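Please keep the sequence and the model in view while going through the numbered points.

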Amino acid sequence: MNHWLLIASVLVLSSAFGLFLQFTRGKLTKKYSNEIFFDQLKIGQELGKKATILQFETEYCSICPGVKRQINELIKNDKGISFYEIDAVERIELAKKLHVKSSPTVLFFNEAGLEEGRIIGAPKKDQLRNTLEKITTIKMEKTNAN
Amino acid sequence: MQIDARGPRFGAAITMVVLLLVIYFDSAVLLAIQTLVWAIGAFAGPHNKSPYGFIFKTLVKPRLKSVGELENVKPPQFAQLVGFLFGVVGLIGVVIGSSTVFLIATAFALAAAFLNAVFNFCLGCEMYLLLVRARLIR
């Protein structure tokens, strides 16, 4: 077997897969279903007045704390937005119900409690702010969160 | 236990270079050395006695200005185990005289190391998470 060909094949295929991940993760995707309302999740938390953010994470997720910091920084001056974290392993049934397959997955609910979309993986720059702006239709204060 | 998440990625970068050399030179000796490194990472932890972890801890980390994210040691340790298994399969290929087995096993390990080093995507860690979520391991 031509070794150069093998090396080139591995690097090209891996790059293609890596680029696919780069382009698909960290972006707002459409809500999975029209049926998902925050109240139905029964997580014992209150719905935010403007929006609610739900982050599914695991103790083995290295990027989850960074995403949490970004979100907290972004919403720190807005009491109308609630942010909750859920351990996807401890609440595996809920994660399955919401079709959460990797961590972090951040779900956005509007003021009525309906899921508006989700971001899988670490959000891209300004993605969190733009998403919240879209959901709450308010201009978020520019921060250094991203 | 929490470790600096940049450590395993640094180790993956060295592993990637080693595996490129393994394939280029058809070197069973290099693969055996890399497999030994994986074994140390898998059974003693990637941060502890692993040579790559040691290099990161003593030479690289002190020179980094930023503070890295911490991660649980279990997923990268499991990834080392996966690498170790690929290494063993590759070495079995050498023993039975099958260069195809040797090269294919090394190629898979190279792909995983490349994804981790370049795209920060740890395939072994993802496998670990899937097994945890399936409640097959804790």
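1. Two strands are said to pair if DSSP finds at least two bridges between them. Helices (H or I, at least four residues) and strands (E, at least two) are DSSP runs, numbered from the N terminus.

2. On the origin of the model: this is a predicted model, in which local features need pLDDT of at least 70 and side-chain atom pairs count only at pLDDT 80 or more, while totals for chains, interfaces and linings use all residues. Residues are numbered from 1 along each chain as its sequence is written, and chains are lettered from A and ligands numbered from 1 in the order in which they are written.

3. Chain A contains four helices and five strands. Read from the N terminus, its elements follow the pattern α-β-β-α-β-α-β-β-α.

4. The five strands form an open sheet with mixed pairing, in the order E1-E5-E4-E2-E3 (chain A). Strand E1 (28–30) and E3 of chain A stand at the edges with a single partner strand each, so one side of each has no neighbour in the sheet. From one strand to the next, the twist averages 25°; axes here are lines fitted to C-alpha atoms, for helices over the stretch in contact, and angles run from 0 to 180 degrees between N-to-C directions.

5. Which strand does E2 (residues 51–57) of chain A join through seven bridges? The partner is E3 (residues 81–87) of chain A, and these strands run parallel. Within this pairing, A:Ala51 is bridged to A:Ile81. Together with helix H2 (residues 64–75) of chain A, E2(A) and E3(A) make a right-handed β-α-β unit. Right-handed means that, with the strands pointing away from the viewer, the path from the first strand over the helix to the second runs clockwise.

6. The loop between E2 and H2 of chain A holds A:Glu59. Is A:Glu59 buried or partly exposed? A:Glu59 counts as partly exposed because 16 C-beta neighbours lie inside 10 Å. A residue is buried if 20 or more other C-beta atoms lie within 10 Å of its own, exposed if 12 or fewer, and partly exposed in between, with C-beta atoms placed from the backbone. Of the 146 residues in chain A, 32% are buried.

7. The contact between the chains involves 22 residues of chain B and 21 residues of chain A. Residues are in contact if their C-beta atoms, placed from the backbone, lie within 7 Å. On the side of chain B that touches chain A, H5(B) gives the most, with eight residues.

8. A nonpolar core is a set of buried Ala, Val, Leu, Ile, Met, Phe, Trp, Tyr and Cys residues joined through C-beta atoms within 7 Å. The largest such core has 31 residues, and B:Met16, B:Leu19 and B:Ala113 are among the members that touch the most others. H5(B) gives the most to this core, with twelve residues. A second, separate core of 28 residues includes A:Ala51, A:Leu54, A:Ile86 and A:Ile119.

Notes
Contact = placed C-beta atoms within 7 Å.
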